[in-house]
Amino acid sequence: MSESSGRVLPIYMVADESRSMTPVVDELNAGLRSLHDALLREPMAAAKVRFSILGFSDDVIVHSALVDLRVTSALPQLSVRGGTSYGAAFSLLLDRIPADVRALKREGFAVHRPAVFFLSDGQPTDPGDWEATYAKLTDREQTPTAPNIIACGIGEAKAETILKVATRPEFAFVATPGVEVGLAIAEFCAALTKSVIKSGQAIGGGEAELIVERPDNFKMAMDVV
Amino acid sequence: MARPAGWDPPVIGVPGEPAAVRAPVTQPYRPDTVIDGWSSEHFHVRCAAVRGHAHRAQGVPRQDECAVVLHPGSGAVIAVIADGVSSAELSHLGATMVCRTVVDYLLQVLDAGKEVDWLDLMRCAGWSLVEYAARQLAPPQPDASAGNAEPVPDPRRAERLLASTVVVALVRPDGPGRARAWLVRVGDSTGWLLRAGEWIALFAPLSGPADELVPDGVSALPRVPGELTPVMAELARGDVLVLGTDGFAEPLGDGTGALGELFAAGLATPPPMPKLAWLLDFTAGTHDDDRTVLALWPGADDPADEA
């Protein structure tokens with residue numbers, strides 16, 4: 001194909017479906033519905049996003065493979081079951097993300113680095129196991145399509161764990177103790193919606209260095225009018 | 001009211017999502033589209049910078065800018081395009097500042113009959129953003145007595161507010177119907193030699209076809225590479241030098257598709273000025289960024305070639 005079909009950003013919503021999520025799963029489903037509604041009102045933004053919903057517990061359920069939300073009538077419902085295996089979630093992402101990127105490229109899209117929104121309300125039930133899979137998933141040498149992971153902890157999730165999951169410290173969010181968990185989920189979904197709609201061109205340093213001194217020959221041009 | 005069908009934008013592949021055209025919320029006034037063009041003893045030039053469909057829908061000002069200026073003494077042309085980075089809040093002002101600084105700098109060098117120091121040119125263009133941010137966009141001073149103090153340059157703040165890519169071409173006449181162009185860039189805006197309908201890229205691609213993902217960010221002024229070697233292109237009669245921002249370059253790809261054909265035909269000879277802006281209003285899938293094209297034809301010195 002000689003012309004690109006445009007740029008797309010693959011987004012994976014990875015939600016904890018362990019039994020402890022029972023009191024808040026309705027809020028989470030409502031948050032996803034409002035995300036869908038917001039995107040339908042912004043078709044130009046929605047056109048540049050492909051969205052997948054994964055629910056993890058002892059295993060992972062692909063509720064929705066990567067889809068164009070403009071042609072999706074309704075998002076699937078999350079439910080609850082079993083424990084909290086982070087390893088199962090990262091293992092599935094490691095499997096799906098490179099394949100999804102290849103498929104999008106075959107369709108002629110230029111693909112942005114995928115984003116994973118990871119939401120958990122508890123500590124992993126597979127400590128010591130998930131870290132190796134996570135390391136491989138996020139190592140850009142081993143996995144060129146390594147995603148940015150935005151991690152949100154609610155309920156019993158510990159800040160130190162969420163910091164380990166987020167690929168940058170500023171991508172880690174932990175609900176303030178005392179804040180109602182449903183409210184934290186609503187805020188998380190609102191932040192997710194905003195990120196999805198606002199994803200655009202960003203500044204990246206590359207090989208270039210920020211100029212820090214006034215060059216000798218510098219003369220100010222006429223001010224911008 | 002239905003628009004006359006003849007002014008509907010060109011459709012490349014699948015049309016983009018239809019969207020409103022909202023007023024940009026900005027000061028100073030910034031028009032949706034700029035068009036320019038002229039002919040000199042040696043050259044014809046045309047350029048247009050058009051707000052993309054996404055910025056129109058969001059009420060965001062056009063962040064692309066262009067400038068094309070004749071140096072009367074030498075007959076050389078200074079051509080500049082700039083693309084303000086989306087995540088920089090006032091990058092439309094940055095793009096304009098960069099174009100003006102480059103033009104002023106090169107006019108002075110040409111007046112003095114000196115060789116161009118390309119790296120210094122880019123450093124000055126980058127620094128213009130730093131000083132503009134410090135002087136014109138300074139944060140409120142907490143201490144009123146500090147009002148007269150010299151503003152402190154803050155390159156990081158300038159980058160956050162004003163970051164912009166740039167491509168500069170200096171084109172000198174080189175005998176009847178011929179010219180030599182020197183080009184430099186920072187960022188993902190780029191240039192081509194359009195020869196017999198073929199788009200010949202003048203800069204190495206920033207990401208190869210084997211790369212899995214698009215680069216995470218764009219490098220832009222006030223960042224400047226450590227080294228900078230200009231690309232030289234020799235133009236003959238019938239050739240077109242084309243500069244374009246990524247809003248044009250991305251959908252163009254290698255130029256062998258429908259957009260490449262449309263523009264190769266549209267730029268075969270200097271088009272009427274509004275026609276270039278109309279061509280740039282194309283709709284193509286999710287390609288909804290601002291788009292700028294600046295084109296230069298050597299050969300205005302041949303009376304038979306007068307457009």
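This is a friendly chat about a predicted model and some of its features.

Me: Before we start, how are the residues and chains labelled?
Reply: Residues are numbered from 1 along each chain as its sequence is written, while chains are lettered from A and ligands numbered from 1 in the order in which they are written. The model is predicted, and local features need pLDDT of at least 70, side-chain atom pairs count only at pLDDT 80 or more, and totals for chains, interfaces and linings use all residues.

Me: Which residues touch the most other members in the largest nonpolar core?
Reply: Val80(B) and Val171(B) do, in a core of 84 residues. Such a core is a set of buried Ala, Val, Leu, Ile, Met, Phe, Trp, Tyr and Cys residues joined through C-beta atoms within 7 Å. Helix H3 (residues 118-136) of chain B gives the largest share of this core, 9 residues.

Me: Is there one core or another apart from it, and which residues are in that one?
Reply: Another core, of 62 residues, lies apart from it, and Met13(A), Leu54(A), Leu137(A) and Ile185(A) are among its members.

Me: Switching to helix H4 of chain B, which residues are buried there?
Reply: In H4 (residues 155-162), Pro155(B), Ala158(B), Glu159(B) and Leu162(B) are buried. They sit on the same side of H4(B) because they cover an arc of only 105° around the axis. That arc is taken from the directions from the helix axis to the C-beta atoms.

Me: How do the axes of H3(B) and H4(B) cross?
Reply: They come within 8 Å and cross at roughly 90°, so H3(B) is roughly perpendicular to H4(B). Axes are lines fitted to C-alpha atoms, for helices over the stretch in contact, and angles run from 0 to 180 degrees between N-to-C directions; 65 to 115 degrees counts as roughly perpendicular.

Me: Now Glu17(A): buried or exposed?
Reply: Glu17(A) is buried, because 26 other C-beta atoms lie within 10 Å. Its place is in the loop between strand E1 (6-16) and helix H1 (25-41) of chain A. Glu17(A) and Leu119(A) are 102 residues apart in sequence, yet 9.5 Å apart in space, C-alpha to C-alpha.

Me: Last one: what is the phi of Ala196(B)?
Reply: Ala196(B) has a positive phi of about 50°, although it is not a glycine. Most residues other than glycine have a negative phi. Ala196(B) is exposed, with 9 other C-beta atoms within 10 Å.

Terms used
Buried ≥ 20, exposed ≤ 12 C-beta atoms within 10 Å, placed from the backbone. Helix = DSSP H or I, 4+ residues; strand = E, 2+ residues; numbered from the N terminus. Parallel < 35°, antiparallel > 145°, perpendicular 65-115°, else oblique.
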